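Consider how the pieces of the following fold are arranged around one another. The walk below goes from helices to cores to strands.

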Amino acid sequence: MQNGPAVRRRKLGAELRMLRTGAGLTSGEAARLVGWHQSKVSRIETGASGVKPADLGLLLDAYQVRDAHLRELLLMLAGSEDAGGRHGWWHAYRGVLPPTYRDFISLESQASAMRTLETTVVPGLLQTPEYARAVTRAAVKDLAEDRLDTLVEVRLARQDVLRSDPPLVLSAVLDEAVLRREVGGPEVMARQLERLMEAARLPQVRLQVLPFAAGAHVGLTGPFVIFSFPSTSDLDVVVLDQLTSSLYLERKEDLMAYSEAFNTLQFHALSPEESLDYIAGIGDGA
């Protein structure tokens, strides 16, 4: 378990090490090609230190990496923005957002797919402004109104990943408690349920409800998120959200365990079509 920046450094370093060996270079040879000391290459590959986007570009050129998508992904892991400037927008909120939240947003922006189990609240990417405000107010004690406005603004800005080109592919399993818990009052919940049905009809969103009738399930241990990235599955990561921080799991066995758990949850959940009807029924007072 590591914090987000350490995970990204380790994953970036591991990928660079594979690219270097694939190019038939030792770490010393790679260092000489870019004019560095060998220890700098070693520190980057072990994740002991980060790498500036410009320096990463030198390494990728030395390793003759021409895959544009792979280069973009690795540059984003190093802290760069994509050509459209979408990534890194959250840095403008550096004074408001804690580091763990900024790092979660960076992973979310870089990912090609996201699988999430939610047991208490609607996923942030699918929240209405009113619901987001009510959740944030309840979660953060004694929050000033201007800070609340900013956090809601960030929550809504995150949703742009579902409208980007290509969009983030979102698969979400929601425990029925998410739909039954009245957040913000009846009107806020009514609109939130409508928003969920609208989102469920998007081609990039797969939304399933896990009804109370499903009984005990593997997700009772708590919500989780699995981020997947383009070009390579070696960069996938599991995020467990805690009250004051987030834990990041990167080991293959952890990824496999949570992927299998998510597949099991999808199997026991209602189908996307049945879930739409179920949400509509709850909205109608069923």
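Which residues of helix H2 (residues 27-34) are buried? In this predicted model, the buried positions of H2 are Ser27, Gly28, Ala30, Ala31 and Val34. Their directions span an arc of only 160° around the axis, so these residues lie on the same side of H2. The other side of H2 carries Arg32 and Leu33, which are exposed. Just after H2 comes Gly35, with a positive phi of about 80°.

An α-helix has 3.6 residues a turn, so residues three or four places apart point the same way.

H11 runs over residues 252-268, which is 17 residues. From its first C-alpha to its last, H11 reaches 24 Å, close to the 24 Å expected at 1.5 Å a residue. Buried in H11 are Asp254, Leu255, Ser259, Ala261, Phe262, Leu265 and Gln266. Because they cover an arc of only 160° around the axis, they are on the same side of H11. Lys252, Met256 and Phe267, on the other side of H11, are exposed. What do the buried residues of H11 pack against? Their partners are the strands E1 (113-118), E2 (169-175), E3 (205-210), E4 (224-228), E5 (237-241) and E6 (246-249).

Next come the nonpolar cores. The largest has 61 residues, of which Tyr63, Leu196, Leu207 and Phe227 touch the most other members. Helix H10 (residues 186-200) supplies the largest share of this core, seven residues. A second, separate core holds 12 residues, including Leu117, Leu210, Ile226 and Leu265. Of these, Leu265 is among the buried residues of H11.

Strand E4 remains. Five of the five residues of E4 are buried, so this strand is largely enclosed by the rest of the structure. On one side of E4 are Phe224, Ile226 and Ser228, and on the other are Val225 and Phe227; both faces are covered. How do E1 and E4 pair? The pairing is antiparallel, over five bridges, and Thr116 stands opposite Val225 in E4. E4 also pairs with E5 in the antiparallel sense, over three bridges. In that pairing, Ile226 stands opposite Val238 in E5.

Definitions and conventions:
Residues are numbered from 1 along each chain as its sequence is written. This is a predicted model: local features need pLDDT of at least 70, side-chain atom pairs count only at pLDDT 80 or more; totals for chains, interfaces and linings use all residues. Side-chain values use heavy atoms; hydrogens and water are left out. Buried means under 20% relative accessible area, exposed over 50%, partly exposed in between (1.4 Å probe, protein chains only). Helices (H or I, at least four residues) and strands (E, at least two) are DSSP runs, numbered from the N terminus. The arc is that of the directions from the helix axis to the C-beta atoms. The expected span of a helix is 1.5 Å times one less than its number of residues. Contact means heavy atoms within 4.5 Å. A nonpolar core is a set of buried Ala, Val, Leu, Ile, Met, Phe, Trp, Tyr and Cys residues joined through side-chain atoms within 4.5 Å. Two strands pair if DSSP finds at least two bridges between them.
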